[in-house]
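Try each one before reading its solution.

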Amino acid sequence: NILYFYIEKKWWESLTSQEQNDIRIAIFDLGEEFRNRIYPVLTSTFGSEPKPGIDRDERITVLIHQMRQDAGGYFNSGDVYSRLQAPKSNEREMVYLSASRLGSPNLKSFLAHEFLHLITVNQKDLLRRVTEEIWLNEARAEAAPTLLGYDEIFQGSNLETRMRAFLENPTLSLTEWLNLKSDYGAVNLFAQYLIDHYGAKILADSLQSSKVGIASLEAALLRQGVSKTFDQLFSDFAITLLLNDCSLGQRYCYLNQGLKNLKVAPTIYFLPR
């Protein structure tokens with residue numbers, strides 16, 4: 001396998017033998033999914049994680065522990081550095097998953113999201129010596145489940161959850177990150193729009209760039225021969241959220257069937273840049 005799994009001991013020992021067995025099965029299945037699908041698809045699209053990295057071991061660590069109830073997982077970029085650089089580093093390439101989500105059908109989406117953060121810290125921080133802006137870092141990670149096909153069954157998917165979170169609070173800024181559920185919703189819907197109209201390549205090209213944030217997206221558009229500013233792109237996206245109607249122009253609608261009925265009430269002032 002290409003993953004190490006660690007589980008919080010106190011939590012594990014509180015489980016019944018049947019619950020422990022169910023978790024062993026879930027972890028085995030997740031490991032197989034990562035090896036056969038998540039890892040090859042995401043690395044071929046976006047590039048490699050740190051490999052072999054700070055621990056000189058090509059395997060990636062997944063730590064499963066108790067988290068706040070609404071969390072699926074997280075990533076700590078400090079782990080890829082030595083303790084001389086980051087005193088709290090675990091000195092290994094790793095991600096964290098919530099113990100309470102081991103039975104969730106979206107478990108593989110959570111792992112894909114966090115793994116893309118691990119790829120990002122390599123492509124930006126380690127290789128290019130720049131740090132990505134949080135909103136775009138999260139937008140790419142939010143796109144990962146979609147690119148893997150995990151959002152194709154829309155009901156109950158990560159994408160549906162994010163869409164609902166956005167609709168509950170559509171007035172926040174796209175690029176100012178407050179770490180709210182609606183922030184994840186906004187950047188996910190923006191990433192979906194980019195994928196629909198420019199393909200995953202725009203996300204990959206902007207990642208494999210020494211530029212960050214808006215500048216990296218504008219450079220990625222130019223690589224596709226599209227001379228469009230971010231302001232113009234954002235305007236198309238905002239109009240799509242209001243109208244979402246392909247008959248008004250292809251750039252004013254979502255192509256993703258799960259989002260075909262998405263519309264924000266036009267009386268609301270939403271998503272300032």
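**Exercise 1.** Find where Asn106 lies and decide whether Asn106 is buried or exposed.

Step 1: Asn106 sits in the loop between strand S4 (94-98) and helix H3 (107-128); helices (H or I, at least four residues) and strands (E, at least two) are DSSP runs, numbered from the N terminus. This is a predicted model, where local features need pLDDT of at least 70, side-chain atom pairs count only at pLDDT 80 or more, and totals for chains, interfaces and linings use all residues. Residues are numbered from 1 along each chain as its sequence is written, and side-chain values use heavy atoms, leaving out hydrogens and water.

Step 2: Asn106 counts as buried because its relative accessibility is 12%; buried means under 20% relative accessible area, exposed over 50%, partly exposed in between (1.4 Å probe, protein chains only).

Step 3: Neighbours within four places in sequence aside, Asn106 is in contact (heavy atoms within 4.5 Å) with Gly156, Ser157 and Asn158.

**Exercise 2.** Locate the disulfide and describe its two cysteines.

Step 1: The whole structure holds one disulfide, a pair of cysteine sulfur atoms within 2.5 Å.

Step 2: Cys246 is joined to Cys253, S to S 2.0 Å, and the link is right-handed, with 90° about the S-S bond.

Step 3: Cys246 is partly exposed because its relative accessibility is 32%, whereas Cys253, at 1%, is buried.

**Exercise 3.** Which residues are exposed on the face of H8 turned away from its buried side?

Step 1: Helix H8 spans residues 213-223, and its buried residues include Gly213, Leu217 and Leu221.

Step 2: On the face turned away from that buried side, Leu222 and Arg223 are exposed.
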